[in-house]
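Q: Please take a close look at the sheet in this chain. How is it put together, and what lies across it?

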Amino acid sequence: MNIWIEYFKMKDDRLNNHAQMKEQAKWIPPDPKDVRKRFCQTLKEAQNLAKSLFDQGYHVSIKQDGHGNTN
């Protein structure tokens, strides 16, 4: 089973001039060339890295393929 994270820098182009009147954020898919990938050994490692990148202003998704060992 492979574990990786995909991340990209979040852009906030909302014009919020008044504290009580916030414009709602709209999801705009990122350009695929802006999405970066990092492979991780464990899910815990991926979660720690994802939190760190999120705190730095990135949108982060943890991805997995397969279901691991089914003994």
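A: Read along the sequence, the pattern is β-β-α-β. That makes 1 helix and 3 strands in the chain. Both kinds of element are DSSP runs, numbered from the N terminus: helices are H or I with at least four residues, strands are E with at least two. The model is predicted, so local features need pLDDT of at least 70, side-chain atom pairs count only at pLDDT 80 or more, and totals for chains, interfaces and linings use all residues. Residues are numbered from 1 along each chain as its sequence is written, and side-chain values use heavy atoms, without hydrogens and water.

Now the sheet. Its 3 strands follow the order β2-β1-β3. The sheet is open, and the pairing is antiparallel. Two strands count as paired if DSSP finds at least two bridges between them. β2 (36-40) and β3 (58-64) each have a single partner strand, so they stand at the edges, with one side of each left without a neighbour in the sheet. From one strand to the next, the twist averages 25 degrees.

Look at one pairing. Strand β1 (residues 3-9) is joined to β2 by 5 bridges. I3 has C40 of β2 as its bridge partner. Strands of a sheet pair through backbone hydrogen bonds.

Then comes the helix. Helix α1 (residues 43-55) lies across β1, β2 and β3. It runs at about 165 degrees to β3. Such angles run from 0 to 180 degrees between N-to-C directions, with axes fitted to C-alpha atoms, for helices over the stretch in contact (heavy atoms within 4.5 Å).
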